[in-house]
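Colleague: Thanks for sitting down with me over this one. Could you walk me through it, a piece at a time?

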Amino acid sequence: MSLESIWSSLSVSGLAHLLGGAVLLLSFMLLVRRRPMPAINGLAAQGGLLALVALCHAALRDTSQLLLVAGLLAVGQGLLLPLTLREWVRRLGLRQGISVAAAHRPGVGLAAGVALVLLAVLALLPVTSGAAMGMREDLVLSLSVILLGLLVMAARHNPLGQAIGLAGMVNGALLGVLATPGLPLLPAVVLVAMAVPLSTVTAFLAMRPPAGDAG
Amino acid sequence: MMPWSDMLASGALPDWAVTLLSPWALPWLVVALPWLGAAVLSALSAPRVAAWANVGVAALTLVAATVLLALPAEATGLLRAEALNLPLLLLAALVGLSGAVALAVLPPHEGTARAFTAGYQLLLGATHLAVLADDFAVMWMALVLAVMTVAMLAALTRGPAALAAAWKTVLLGGAGAGLALLGTMVLAMAAQPLTGDANALSFDAMLRVGREAESGLLTLGFVLLLAGYGVLAGLVPLHAWLPDAQAEAPTPLMAIPCALLGNAALLAVLRAQAVASLNPAWLPPGVLLLLAGLAGIGFAAAALWRQRQVGRFLAVCAIGQTGLAAFAFGLGGPAVMAGLLQMMAATLALSAAAVAIARASALRGGADGMHALSGLATTDPRLGWGLAAALGALAGLPPLAQFVSEFLLVQQAVARLPWMALPLGIGLVALAIATLARLRGLCFGPAPEGARTNVAGAARPRTQEGARLHPSPDHRFRAAEGTRREPTAVGALSGIPTAGHAAPPGDDAPATSPAGLRAELPSGLRVNPPAQARAETLADPQAPAPEPTPMDAPALPPSLPDSARAHALAAIRASEAEEAVPLHPAGGEAVSILILLHLLALLALGLFLPGPLAALLAEAAKVAG
């Protein structure tokens, strides 16, 4: 392997980590955003970033499966899910005035989020000491995004906010899936994982009782 | 008799049968049959035909599962029948069949029957897939599908409380699915350098290479999988969705799908533990399971006393039994056999209890309160004694299977971890006392007035006074929907109470008990006159029970103004005309036979383990312990 190819592979893997970091940053944004629309936009951006991460891994590992997965992620997490959530907001007329944040002090949420990320780092340090060193960054990023998603779910007291938290958490799990090398069933797993928040939101819109949501 | 392999090779069977019975196709058949059945059932609109089609599909699945047991298990691929999952698969198919028969004679609340049977088959297929899967990723996909189906089943009545329960299920199940997915990936990262790409997630391959795999990653993967699948299995403290989902489902038979999902999830945890304990790191994997098991037993022993709704009561029973099985798996070694036996016996006993309670609820006009169902043995002796035997099995009474598994468990605990035997013993006794106390009230307590004696056990049409005394789910929702909620941010966003506001676990649901119904109707809110009148009639269990009145004079509070009274009478008659589904003519016999078969199976498991089954369980304990 020539020096040049090593350099290029290194930079691509660095890019994948950078994008993963951006996903984590967007999770923090989900945590502190009060209004639904910016939070949904953040979720869409997360989906797009996940697709880019998949493209990076496709370049690294040279498999066509990951290209397919990147397309799936862009369509599902980047487009379909945010559109469905927008539909939710539109139907219930929530665009203005209603907060999806439980606590109105973003500082508390941020501090809790940082504590969770620290927890993820500290928990993974002893675990990934040996041969698993190379996977440490991916695992820390993935676990952090999952924990932040759980925090969003726990902190919100309304279904929309909880659904956004669930979607953020699934994005974290997807980050971990993309980092795992050599999965034979990768597209199917990604598809099922994406179906969790999407079917939840769709079923909620379909089964919501017609009365009582006039606001 | 010719062995299967010879028969397949000798050409005694047509080609299609050989293909179907080949080792790679047969496991998929067990999965595909229920799914095909679900597709057909969702299209069938005739309720009787659909109910018996449901039974037929379940029977075919049981046949396929039995053949799978008889065939040599040399299969490779994504699905794999082995000692660990075959007993559970056979049990799932058996209980699936009895649940289908029960659904045919005790159909759920009308309007939901079609969706419920279709969802039931979908869930059977998903749990069979999860049990049979050798690949952790396939198992994860199947369990996600199963928990989403359970949420759908819980939401079917579409009342606010049902939607809140389903939302809670989806959120907790989704969170569990996310954690379990990461755990699966961590296991794959640990195993992949050793097993190669193709079967990085194969349980079989992982068992072979587990000793050399990175111990930290294995433990991390197990912890994540335990947290994720623990939600689905109903391990304390991750069980909060289970009582709500069972309480709000259209029929008490919901306990059967929930038990099957719990079994599949617990098997997934057991497999992860088997892999992780090959090379334990800082934390032996069994410790967490031991603690979760003890917590489950303790929770059930304390919470059983407080349950006032039968769905919740069955759910708490299931949580206690799951705790016992988890404790056994945490001990490891031969105790795994006790745990598997415990899972099988618990599923059988819960299924029998659910069938009996569903029948009792239908006999008492759709009531679902423990108080309204009490005194079954005096009004309907066969049913009452059958339920008593099933609950006695859950309490661990001697000749039945739980006694054997609990005896084995205590023996193993004393031999391996003596200091854990004391809390286990206290928990077991407390659990048995709580179960027996509730059994006494439910079966041998005083029957509420208005419940007719049915000594002959024959089917009795649903009575007017029964329907009035005990609200059916439909009534609850109509009454609850009559209220107008305050337009808070929460209400404006959703229209349903959120999961965060739902009843605390173990507590009585606000909207499910008569007392809760009254709480749904605070005086300041606007209420439709008929709904309020009805709710007040329904709400008070302490009020003197109205005399069995003739059809044209339902009891209403005398203080009502005349117009409201007329409205209320009209609403009551209309709703009763809608829901006057006569009970199945042969329902009493069918239910008695079903319960009897379950009890016989429990007795057989308890008195003598059938030889092949004992061998399978011992081999399973060797694999997983």
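This is a predicted model: local features need pLDDT of at least 70, side-chain atom pairs count only at pLDDT 80 or more; totals for chains, interfaces and linings use all residues.

**Helices, cores and confidence**

Colleague: How many charged residues does the contact of α7(B) with α8(B) have?
Modeller: On the α7(B) side the contact includes F136(B), W140(B), V144(B) and V147(B), while α8(B) brings A162(B), T169(B), G173(B) and L187(B), among others. Sorted by class, 16 of the contact residues are nonpolar and three are polar.

Colleague: Is R158(B) buried, exposed or partly exposed?
Modeller: R158(B) sits in the loop between α7 and α8 of chain B. It has a positive phi of about 65 degrees although it is not a glycine; most residues other than glycine have a negative phi. Buried residues need 20 or more C-beta neighbours and exposed ones have 12 or fewer; R158(B) has 15 inside 10 Å, so R158(B) counts as partly exposed.

Colleague: What is the peptide bond from V236(B) to P237(B), cis or trans?
Modeller: P237(B) is placed in the loop between α10 (215-233) and α11 (241-248) of chain B. Most peptide bonds are trans. With omega near 10 degrees, the peptide bond from V236(B) to P237(B) is cis.

Colleague: Which residues touch the most other members of the largest nonpolar core?
Modeller: That core has 293 residues. One of the residues in question, A353(B), touches L314(B), L387(B), A390(B), L391(B) and L394(B), leaving out residues up to four places away in sequence. The residues that touch the most other members are L143(B), A353(B) and A390(B).

Colleague: What percentage of the residues of chain B count as buried?
Modeller: The secondary structure of chain B comes to 27 helices and zero strands. Among its contacts with a separation of 6 or more, 80% join residues 24 or more positions apart. Of the 625 residues of chain B, the share that counts as buried is 62%.

Colleague: Is V40(B) buried, exposed or partly exposed?
Modeller: V40(B) belongs to helix α3 (residues 26-43) of chain B. Since V40(B) has 16 C-beta neighbours inside 10 Å, V40(B) counts as partly exposed.

Colleague: Over which residues of chain B does pLDDT stay under 50?
Modeller: The mean pLDDT of chain B is 78, and 75% of its residues reach 70 or more. One stretch under 50 has 216 contacts beyond four places in sequence in the model, and that is residues 455-556. Another has nine such contacts, and that is residues 573-581.

Colleague: What ipTM does the predictor give the complex?
Modeller: Two scores are given for the complex. The pTM is 0.82, and the ipTM is 0.91.

Colleague: What percentage of the residues of chain A count as buried?
Modeller: Chain A comes to seven helices and zero strands, and from the N terminus on its elements run α-α-α-α-α-α-α. Residues 24 or more positions apart make up 73% of its contacts with a separation of 6 or more. Of the 215 residues of chain A, the buried share is 49%.

Colleague: Are α2(A) and α6(A) roughly parallel or roughly antiparallel to each other?
Modeller: Residues including L43(A), L50(A) and V53(A) in α2(A) meet residues including I164(A), A167(A) and L174(A) in α6(A). The residues of this contact divide into 12 nonpolar, four polar and no charged. Helix α2 (residues 36-61) and helix α6 (residues 159-179) of chain A pack at an angle of about 10 degrees, with axes 11 Å apart. Angles under 35 degrees count as roughly parallel, so α2(A) and α6(A) are roughly parallel.

Colleague: How far apart in space are A112(A) and V53(A), C-alpha to C-alpha?
Modeller: A112(A) lies in helix α4 (residues 106-127) of chain A and is partly exposed, with 16 other C-beta atoms within 10 Å. In sequence, A112(A) and V53(A) are 59 residues apart. In space, C-alpha to C-alpha, the separation of A112(A) and V53(A) is 27 Å.

Definitions and conventions:
Residues are numbered from 1 along each chain as its sequence is written. Chains are lettered from A and ligands numbered from 1 in the order in which they are written. Axes are lines fitted to C-alpha atoms, for helices over the stretch in contact, and angles run from 0 to 180 degrees between N-to-C directions. Helices (H or I, at least four residues) and strands (E, at least two) are DSSP runs, numbered from the N terminus. Angles under 35 degrees count as roughly parallel, over 145 as roughly antiparallel, 65 to 115 as roughly perpendicular and the rest as oblique. Two residues are in contact if their C-beta atoms, placed from the backbone, lie within 7 Å. Ala, Val, Leu, Ile, Met, Phe, Trp, Tyr, Cys and Pro count as nonpolar, Asp, Glu, Lys and Arg as charged, and the others, Gly among them, as polar. A nonpolar core is a set of buried Ala, Val, Leu, Ile, Met, Phe, Trp, Tyr and Cys residues joined through C-beta atoms within 7 Å. pLDDT is the predictor's confidence in each residue, from 0 to 100.
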